[in-house]
Amino acid sequence: MLVVRNAVVGPFAANAYVVTCDRTGEAMLVDPGGEIPRILGLLPPGARVTRIVCTHGHIDHVAGATEAKDATGAPLSLHAGDEGWLEALPRQAEMFGFDPVVAPGVDHRPADGEVFRVGAFEGRVLHTPGHSPGSICLFFPEQRLLFTGDTLFAGSVGRTDLPGGDFDALHASIQEKLFPLGDDVRFHPGHGPAGVIGEERRSNPFVGEKPRRGRFL
Ligand SMILES: [Zn+2]
Ligand SMILES: [Zn+2]
């Protein structure tokens, strides 16, 4: 199975995840937003990080990426659409009250539909623009497991008022790429508690079947 553990890190309380294959000990680190020693402390005994993925380029998901790369030697993946956010990382740090940050080197730019492995398990990249142009989600079909970054939260969605944000794109990403994955899929978002796709499809106030009243509150 895939063992999922998370730490809440940084001023914006972002979820960083370590996702470990219990058969091989290979692990993926998702959204190294800071406090890297604490995140790496979540690794099961004998596990090693072989892949680091940022779901998007906002500082609360990227601030610890350089440190995580140095500590693990693992390559970093970030979608090309968020290149601009990465370049703006030092300015983001200033604006949002983070310690000074050096933009990490990106080793791999994942494409929509790209297949990858964490040990014995196969995952798929979903490009889900809207919260930012290069936002991605990570789906493990057999495990019915999804990592949504700041695209979809339990009972909410990511903000779209930052540069490059687009509510219509976000709405389409969730409706066309996330909801069709299945009501039984459990998701781990970039902030807040885990959720279930079916619950969001029915009652999420921004993108669910109920009227989108939440948007205007
Ligand atoms: Zn974000
Ligand atoms: Zn965030």
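This report describes a zinc site, a sheet with its helix, and the aromatic pairs of a predicted model.

## The zinc site

The zinc ion (ligand 1) is 3.5 Å from the zinc ion (ligand 2), and Asp150 coordinates both. His61 belongs to helix α2 (residues 59-62), whereas His191 sits in the loop between β12 (186-189) and β13 (195-196), so the pair ties together parts that are 130 residues apart in sequence. His61 counts as buried because its relative accessibility is 0%, and His191, at 18% relative accessibility, counts as buried too.

Five strands, in the order β1-β2-β3-β4-β5, form an open sheet whose pairing is mixed. Its edge strands are β1 (2-9) and β5 (76-77), each of which pairs on one side only.

Within this sheet, strand β3 (residues 26-30) and strand β4 (residues 48-53) run parallel and are joined by five bridges, and Met28 stands opposite Arg51 in β4. Helix α3 (residues 65-72) lies across β3, β4 and β5, and runs at about 155 degrees to β4.

## Aromatic pairs

The structure holds five aromatic pairs. One of them is formed by Phe12 and Phe96, which are edge-to-face at 5.7 Å centre to centre, with 75 degrees between the planes. This pair links distant parts of the chain, since Phe12 is in the loop between β1 and β2 (14-21) and Phe96 is in helix α5 (residues 89-96), 84 residues apart. Phe12, at 36% relative accessibility, counts as partly exposed, and Phe96 is likewise partly exposed, with a relative accessible area of 24%.

Tyr17 and Phe147 form another edge-to-face pair, 5.3 Å centre to centre and with 70 degrees between the planes. Here too the pair links distant parts of the chain, with Tyr17 in strand β2 and Phe147 in strand β9 (residues 145-149), 130 residues apart. Tyr17 is buried, with a relative accessible area of 4%, and Phe147 is buried as well, with a relative accessible area of 1%. Both residues belong to one aromatic cluster, formed by Tyr17, Phe116, Phe140 and Phe147.

Key: Residues are numbered from 1 along each chain as its sequence is written. Chains are lettered from A and ligands numbered from 1 in the order in which they are written. This is a predicted model: local features need pLDDT of at least 70, side-chain atom pairs count only at pLDDT 80 or more; totals for chains, interfaces and linings use all residues. Side-chain values use heavy atoms; hydrogens and water are left out. Donors are N, O and S atoms within 2.8 Å of the metal (3.2 Å for Na, K and Ca); water is not among the atoms, so sites may look incomplete. Helices (H or I, at least four residues) and strands (E, at least two) are DSSP runs, numbered from the N terminus. Buried means under 20% relative accessible area, exposed over 50%, partly exposed in between (1.4 Å probe, protein chains only). Two strands pair if DSSP finds at least two bridges between them. Contact means heavy atoms within 4.5 Å. Axes are lines fitted to C-alpha atoms, for helices over the stretch in contact, and angles run from 0 to 180 degrees between N-to-C directions. Rings of Phe, Tyr and Trp (its six-membered ring) pair if their centres lie within 6.5 Å; planes under 30 degrees apart count as stacked, over 60 as edge-to-face and the rest as tilted.
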